[in-house]
Amino acid sequence: MDALLALDIDEELLATCGALGYTEDDQYYKGEECWECMKDLIGFLKRDTSSCLTRRQLGCTQILQTDLLSILVNFWEDENLLNACIKLLVNLTLPAFLCMDSSYPGPKDVQANKIYLELNTYLVQYKEAFANNQVMKVIGHLLTSLCQKPPDDRSPDETTMVERLLILIRNVLHIPSVPNQEQRTDKDVNLHDELLWNLHINGIDEMLIYISSSSHEREWVMHVLEIMFLMLREQSASCLATTGEQLTESQRREEDRDFAIMVERELQQKRMKLKQRSTRHSRFGGTFVMTSLRALDEKERLVYHKSLSGVKNHSLDTEKRRVKVNKLRMAAVPQSESRIPAYTVRQMLKGFCVNFLECSYNSLMKIAKDMIMRDRHVENDETYYLWALRFFMEFNRLYNLRVDWCRETLSSPIIHFVMGQLLKYCDEANSRKARDARPWSRRLHNAVQAYFQLLEFCYALSVHEDPGMRENAEILLTNTFYMPEYRDALVTLARTYDGVKSDKEYLKDVIKLIHLYLKSIQQYCNHNRHVLVQKKRVRRTRKRNVPMTEERVYGMWQECEPSVVESLQPGAELPMCEAPYDATSDIPLDEQKDFAVEKLVSLLREKKVSECVATFKACKDAWPDGTFEAVDASPEANLNVLREMFVAHRGHVEEEENVDEEEEQAVETSTSRELEFDLDKYIRRFSNQKIVRNYALILADYRLNSSHVNHCVVKMLHRTAVKYEMAPYLYHISVLRTMDRILNDPAAHKIKELVDFARYIVKGFFRCAKENPAFYADALFWKTQHDLFRLLEGDEVFERRRTLKKIKTMWTFEQEEELRELFEKHKGSDDIIGSILNDLSTEPSRSRRQVSTQLIRMHLVTDRKQLHKKKRKRVGRSKVSLSKRPKGGLPWTGEEIARLEDLFFEHHDAVDRVTVIASEFTTKNMDEIAAKLEELGLIDPTENDFRRDRADSSDNDTGSSSSDDDDDDDDDQGGRSKRSENQAKKNPRSRVAVLKDFSQWQHVLNEVQEAGFRNQLEWMAENIRGEEIDRTIEDNWENLPIVPLHSDQMDAMENERFCRLLRVVGLSAPIRGQEAYWRIPDDLQPEELSHAADFLAGKLSASSPPPPPAGDNRAQPLPEPSPPPLPEPSSASLSDDLPGNQGEGSPTGRQSSKPAEKRMSALKELRSKRNQKKTGDAPKAKRKVVLEDDDDDDDADRSGAGTFDDDLISTLTPCRRRNILDENDSDDENTPRRPVKKSNFILEDDSD
């Protein structure tokens, strides 16, 4: 009654409530105007004020408990009355923040906060009323009867009723619990558990599963998802999954350990309390003087009148008034906590989760994801999707790890979607103020938990017994390691934590996520020797309008001139065009002529020739003054007019130029490339001041943390302090106090990991403080990397380093004048920056980037591209021998030839011998060295073909690099050679197959077989034969990667002689930094593949020539006769590839005391044999051979060289290599990566 008087209830509203009905003898009787009164109440709620006065009055009168639920239970068969009653119940049970303009009241709005609390009080009373079996029975019966009808047979009112019933259930479940009022303990039944039990016994939970699994009830999926979230929001997935199961041995030991720690700490507290009690009477407590504190008389003699037991805890701040903290600056408090319900409720919820996973999880998540992606949901409904993913994936993993139950959410697109939501929430939370950022922080916490459970599930599959599951899990984890967004997101989450916006539970989940991610990637790197990852590079450019050059204008005209001539011919079909002028415009017709000319020029630039010609003829009719020639002019005259117009109106074109970071109008463009992953470098990114501070914040609550969280924290801090030697990061007063509490903990012997780490940090601090007392003062502040350097190296070294850095970045007036003079001097050189650096003063030393940046700032150049090294044009080369190509260098001297032979014998075992020799032979370039080695007969032409392909790839990569490649020395050169692109444009089937003679490589094949790679050779031959069959059937040939799956195959691919055989048969080696596997090029014919497979399998005779390919009737080249054996060379390092090195001799290979003379005589004899073979007594017949060449510029050279000797033809081998791995192949997320070598670093074991 007091509440009624306080609210001053409206008389009309009170009369309407009284006319609904009354209760007599436990029987409810409705009034005669019950339906009209309900409609009036609905109208009152619609006209309610912002203070929710009507809603509060209805809650005060308890109309829902006394009238509305009774009407629902007793008169549910009355359709009109039922619709009005359900509508009124939905309105009254709306959440309080929705009633107050969908926002929570501010901390300073006292009246709004009182209203909000009052509404929540009424909602809790409503929830108690709905925890009635009769009410839920009626709701369940109505929902079941409506869902049994097909959706097409339902009336609009019935469809609306289904939605209202689901919303009513959602509103009731949304009402928060009040633990302080209920005063229930864990494993006891509270109000929410009673409501869930009533839902279960009336079959409403089964109806929710049916709706979520039915394809006809798609529109209610998000309602069902929200209801399940509200049902299970207080539950823990791990608790439900392990209900009714016995604890494992590890779980039992963990519980015993936690219980022992709690007992020891409680006993220690009791001992401390006993020590504080004095044995003497209070009147004999004594009076003492504390000499370490200053008294009121400014003397360090403070009188102490208390017992000595509490002297250590004495403080002068106990009675001071605490400083008030703004509520917006207070630390965030966890919103909800999980509790353990009664055993029967847990069993019921466990059965519900199992049925949902088995029947409808995949279908519901698929529909929900589709609705989210198509924006057919309410804003922020994706948080329910993330919660369902997190809860049920954890439940499935702990229950029985069934992949088929959650296959819909176990894929790369889902992981990508979760990561996208995580980054979105992180950006929103970091860019908003505390009050507005807290909802986004809660959503971010939900996304972090979902991502953690996805990785946890994949990690559990990666250690599964089933190899198929392990392979699929490895693919999913590889995608998360490969993309840079996944790796950078964890660093961002750890650095951007704000205790005002997010609670500590969020930070704990982030720490566990980082620990799991690093653990997974470390395991992957240990199993795979080399891991390729993607790295993105951001380039800042600015677009500017540049006048078109005369050469470019004429080039564009030459491209479109044939089409213009064809369209100007009489009888050509032209499209309909609009009038070239605007009759309604105020501009005179003669002045519109210029606009018509511009339109004609723009149509020509857009290659719309037919429309341009049609508009041109229309302009003739509109302006017959001769500007556009006469109507009956010849096509040649019209062509001349169009040409003059096109050349006269050059126009402008947009070009991009690199700009500095300070430019505001710059546009950022990102490019990606593949690099080898450096795990040590990535983990080092977590050794950051902010990240260490956040980890120390969690370590301070080590007593409240779980043992797993403490392990994750210590693991990361151990890497920072011990492995990376950044222990001074932890020399902070808060960390040292935490370490002191750990060392003095009563249960220190139970937390040995924490104690050992604390002892290491404390010892290190006092050791450093003894050498440098400044550590005591710096312990009050968190240190940066510069502070660490200053403390460890000293102030003098730090100041000297900083001064040198400033000097290097500063340019004085004299230095700028010197730079301007040198730029004018070397403006026309091929390498402007290199020439300037050679003549620039050496103090201080400058880098290419510093010089180019200063030139741009001085406005001497506008773009870094103007400072690039000018590429030398490569002379076109055909596939003939290098010795037959003209050389423009100086002739070889005898000393140079002798030096070349010595270097060849010294480096004959190198993989790329020509490159190694060229690095030490400075007087000749690589092409001249290779040509001379081939002329001397020391190398095979096939090796030169392979080297030329790799050289073309390297040169083209350098030419196509971005503007920053000249400045960054550590960037890898990537890209695809133009030669491979030209080859890809041609039809590989048009080339004639040329079978190579492998007899001279038979000894290498024998050595590989004797080395134990016989099975690997057969495996390679099978792959080649399979590709031969495919190319015989199919028309489109593609480069085929050869992926080794077993360790013995990987070892073979790393063997030097095995790889040499692959090059001999025509396979392409992987390009470093871009490719990981050997490839079968797309230009090899099936006959060549069959011949290569037979050679690798050992089915070819060493003496017989290769058989002619099928369908090839032309004369086959004769095999080159092997020269007679030479005497055993004196040097033991003589290459096995030289003919004649199998001669008999001593086992040591040293038969003469003059090895140089022996070697020279052998080379002279070999050279004479070569000359005799090339210039025989009887001249051999010549015949024409058409050679396919990949370079279009070599057509002229190819036409001039048409006849060759048969011996030379036998040495020709078509280039079979390709720089493959096109853009689609490199971006494929499911392509497995080839493991090559192990990382050269060691990480400590991580046993959880």
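Me: How many residues does helix α23 have, and how far does it reach?
Reply: This is a predicted model. Helix α23, residues 484-495, has twelve residues and reaches 17 Å from its first C-alpha to its last. That is close to the 16 Å expected at 1.5 Å a residue.

Me: Which residues in α23 are buried?
Reply: P484, Y486, R487, A489, L490, V491, L493 and A494.

Me: Salt bridges next. What's the count?
Reply: The count comes to 29 salt bridges.

Me: What does E505 pair with?
Reply: E505 forms a salt bridge with K508, and their closest N and O atoms are 3.7 Å apart.

Me: Where do E505 and K508 sit in helix α24?
Reply: They are three residues apart in α24, residues 504-527, so about one helical turn separates them. Residues three or four places apart in an α-helix point the same way, because there are 3.6 residues a turn.

Me: Is K508 buried or exposed?
Reply: Buried, with a relative accessible area of 12%. E505 is partly exposed, at 37%.

Me: And R684, what's its partner?
Reply: R684 forms a salt bridge with D680, with the closest N and O atoms 3.9 Å apart. Both lie in helix α29, residues 679-684, four residues apart. R684 is partly exposed at 37% relative accessible area, while D680 counts as buried at 19%.

Me: What about D745, which residue does it bridge to?
Reply: D745 forms a salt bridge with R703, the closest N and O atoms being 3.2 Å apart. D745 is in the loop between α32 and α33, and R703 is in the loop between α30 and α31, so the pair ties together parts 42 residues apart in sequence. D745 is buried at 5% relative accessibility, and R703 is partly exposed at 40%.

Me: Switching to backbone. What's phi for N380?
Reply: About 65°, which is positive although N380 is not a glycine. N380 is in the loop between α18 and α19, and is buried at 17%.

Me: And phi of L401?
Reply: Near 55°, a positive value in a residue other than glycine. L401 is in the loop between α19 and α20. Its relative accessible area is 17%, so L401 is buried.

Me: Last one: which residues gather in the patch of negative charge?
Reply: D10, E11, E12, E32, E33, E36 and D40, on the surface. Helices α2 and α3 each give two or more residues to the patch. E32 lies in the loop between β2 and α3 and is exposed at 84% relative accessibility.

How values were computed. Residues numbered from 1 in each chain as written. Predicted model: local features only at pLDDT ≥ 70, side-chain atom pairs only at ≥ 80, totals over all residues. Heavy atoms only, no water. Patch = residues over 30% accessible without salt bridge, like charges linked within 9 Å, V, L, I, M, F, W, Y side chains within 5 Å. Areas by Shrake-Rupley, 256 points an atom, 1.4 Å probe, with all protein chains shown as cover. Salt bridge = Lys/Arg side-chain N within 4 Å of Asp/Glu carboxyl O. Lys, Arg positive; Asp, Glu negative; His and termini not counted. Charge placed at Lys NZ, Arg CZ, Asp CG, Glu CD. Buried < 20%, exposed > 50% of the residue type's maximum accessible area, 1.4 Å probe, protein only. Expected span 1.5 Å × (residues − 1).
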